[in-house]
Amino acid sequence: MTGLSARVLSGYRRLFRARKSLFTGDDRAMRESRLALRSEFDKNRHVTDPTHIEGLLVMVDEAEDMLLHGIVRGELNRERNTYEIKIKKEHAESMDSETITHVDPITAETSSCTNESGSPNVVVTATKSSLQDGDGKR
């Protein structure tokens, strides 16, 4: 195995671990993310130009970072008609007061619990260590 193909395989594995970290407990998201990752790698299987492969590896790095630090998962609270989102420390460090309460819906189900502006109704919770003010709320 060449150094470049080893890096591609490593990137594939890293993305699978990142998706598992984000989507554990959500069978649908686990299945769909597995299929999407496999599809993208299969689509580029024929690429042999080292410069193009390097560009694809940069995209793998960015996708991994997004999965680990740029996406939060919410659970629907049907009684309150809101999505409850627990912010982890790595997410809180990269958010400001405006982005911490802005959530883009990714499915039709998510879109069904929206407020007047079309955004999902969101309740943000966090561990004390993840927020600057330490009271667990923002």
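This section describes the fold, the helix packing, the aromatic contacts and the strand hairpin of a predicted model. Local features were considered only at pLDDT of at least 70 and side-chain atom pairs only at pLDDT 80 or more, whereas totals for chains, interfaces and linings use all residues. Residues are numbered from 1 along each chain as its sequence is written, and side-chain values rest on heavy atoms, with hydrogens and water left out.

The protein chain contains 5 helices and 3 strands, where helices (H or I, at least four residues) and strands (E, at least two) are DSSP runs numbered from the N terminus. Along the sequence, these elements follow the pattern α-α-α-β-β-α-α-β. Of the 138 residues, 28% count as buried; buried denotes under 20% relative accessible area, exposed over 50%, and partly exposed the range in between, with a 1.4 Å probe and protein chains only. The accessible surface of the chain comes to about 9,600 Å², and 52% of this area belongs to carbon and sulfur atoms; areas were computed by the Shrake-Rupley method with a 1.4 Å probe, and for residues only the protein chains shown count as cover. Among contacts (heavy atoms within 4.5 Å) between residues at least 6 apart in sequence, 54% join residues at least 24 apart.

Helix H2 (residues 27-43) comprises 17 residues and reaches 24 Å from its first C-alpha to its last, close to the 24 Å expected at 1.5 Å a residue. The expected span is 1.5 Å times one less than the number of residues. The buried residues of H2 are Ala29, Met30, Ser33 and Leu37. Viewed down the axis of H2, these residues fall within an arc of 100° and so line one face of the helix, the arc being that of the directions from the helix axis to the C-beta atoms. The buried residues of H2 pack against helix H1 (3-23).

Helix H3 (residues 50-70) has 21 residues and extends 29 Å between its first and last C-alpha, close to the expected 30 Å. Its buried residues are Ile53, Leu57, Val60, Glu64 and Leu67. Seen down the axis of H3, they fall within an arc of 85°, so they line one face of the helix. The cover over these buried residues includes H1 and H2. On the face of H3 turned away from its buried side are the exposed residues Thr51, Met59, Glu62 and Gly70. Asp61 is also located in H3 and counts as partly exposed at 39% relative accessibility. The C-alpha atoms of Asp61 and Gly11 are separated by 7.4 Å, although the two residues are 50 apart along the chain.

Rings of Phe, Tyr and Trp (its six-membered ring) were paired if their centres lie within 6.5 Å, with planes under 30 degrees apart classed as stacked, over 60 as edge-to-face and the rest as tilted. The count comes to 2 aromatic pairs. Tyr12 and Phe16 form a tilted pair, at 4.8 Å centre to centre with 45° between the planes; 4 residues apart in helix H1, they are separated by about one helical turn. Tyr12 and Phe41 form an edge-to-face pair, at 4.7 Å centre to centre with 75° between the planes. Tyr12 lies in H1 and Phe41 in H2, so this pair ties together parts 29 residues apart in sequence. Tyr12, Phe16 and Phe41 form one aromatic cluster.

Strands S1 (residues 74-77) and S2 (residues 82-87) run antiparallel and are joined by 4 bridges; pairing of two strands requires at least two bridges found by DSSP. Gly74 has Ile85 of S2 as its bridge partner. The two strands form a hairpin with 4 residues between them, and Asn81 in the turn has a positive phi of about 55°.
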